[in-house]
Amino acid sequence: MTTETRAPITKFNLAARLLHWSMAVMVIAQFFIGVTMIAALSYYPLLLAIHRPLGIAILVSAIVRLVNRLTRRLPPFLATMGPLERRIASYSEYLLYALLLVQPLIGWAMLSAAQSPVVLVGALHLPAIAPHNITLYAALRTAHTVAAYLLFATFTAHICAVLFHTLALRDGILRRMSLWPSRNGQS
């Protein structure tokens, strides 16, 4: 009688990897759009028309990604990561998920409080999720800005950690999220 042993999981599942990289592109685009909206006011209407539906796309992707994350087995942490680093990696992941979910919701609520519709495409608008209230709008505007800075800092820390593992430790951490096949054939 032969027992088949499966190779240990070394990569995140394909859906997680596709969502990870597509969301990375969307979030980086949102950072540039947000900064340019403030710095170049002549482009504000165009950038705002991109910023709003892109924020909703990030929200939807984050929800799908969270469902995928909660229903799939994860690859184990790398041996190069000690207990403290594993804890920090886990908490920073939770913070990233929370910000990717909360930031678009704050923006949506902020626009609702200003009675400004979130236009997705053409006549397709999202319903208001907050009452019209200028004081609420001001508070949500501040929260949206603070959350954007926090998201930028967390995102940057994530990239720095990956670069440290990739360039200094050379432990192959980037392969866990790569879209190309690994040496062991796992895709």
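## Helices and aromatic rings of a predicted model

Welcome! Helices α2 and α3 cross in a left-handed way, a term used where the near helix is turned anticlockwise from the far one by less than a right angle, with clockwise giving right-handed. The model is predicted, so local features need pLDDT of at least 70 and side-chain atom pairs pLDDT 80 or more, while totals for chains, interfaces and linings use all residues. Residues are numbered from 1 along each chain as its sequence is written, and side-chain values use heavy atoms, leaving out hydrogens and water.

The chain has 4 helices and 2 strands, taken from DSSP runs (H or I of at least four residues for helices, E of at least two for strands) and numbered from the N terminus. Along the sequence they follow the order α-α-α-β-β-α. The C-alpha trace spans about 70 × 35 × 30 Å along its principal axes. Of the 187 residues, 35% are buried, meaning under 20% relative accessible area with a 1.4 Å probe and protein chains only.

Here is how two helix pairs meet. Axes are lines fitted to C-alpha atoms over the stretch in contact, with angles from 0 to 180 degrees between N-to-C directions.

| Helix pair | Axis distance | Angle |
|---|---|---|
| α2 (residues 44–71) and α3 (residues 83–113) | within 9 Å | roughly 145° |
| α1 and α2 | 9 Å | about 155° |

The crossing of α1 and α2 is left-handed. Their contact (heavy atoms within 4.5 Å) is made by 18 nonpolar, 7 polar and 1 charged residues. Here Ala, Val, Leu, Ile, Met, Phe, Trp, Tyr, Cys and Pro are nonpolar, Asp, Glu, Lys and Arg charged, and the others, including Gly, polar.

On the α2 side of the meeting with α3 you can find R52, I56 and L59, among others, while the α3 residues include Y97, L101 and W108. This contact holds 13 nonpolar, 1 polar and 4 charged residues.

Now for the rings. There are 3 aromatic pairs in the structure, counted for Phe, Tyr and Trp (its six-membered ring) when centres lie within 6.5 Å. One of them joins F31 and F155 edge-to-face, at 5.6 Å centre to centre and 75° between the planes; edge-to-face needs over 60 degrees. F31 sits in helix α1 (residues 14–39) and F155 in helix α4 (residues 134–169), 124 residues apart, which links distant parts of the chain. Both F31 and F155 are buried. Together with F152, they form one aromatic cluster.

How values were computed:
Rings of Phe, Tyr and Trp (its six-membered ring) pair if their centres lie within 6.5 Å; planes under 30 degrees apart count as stacked, over 60 as edge-to-face and the rest as tilted. Buried means under 20% relative accessible area, exposed over 50%, partly exposed in between (1.4 Å probe, protein chains only).
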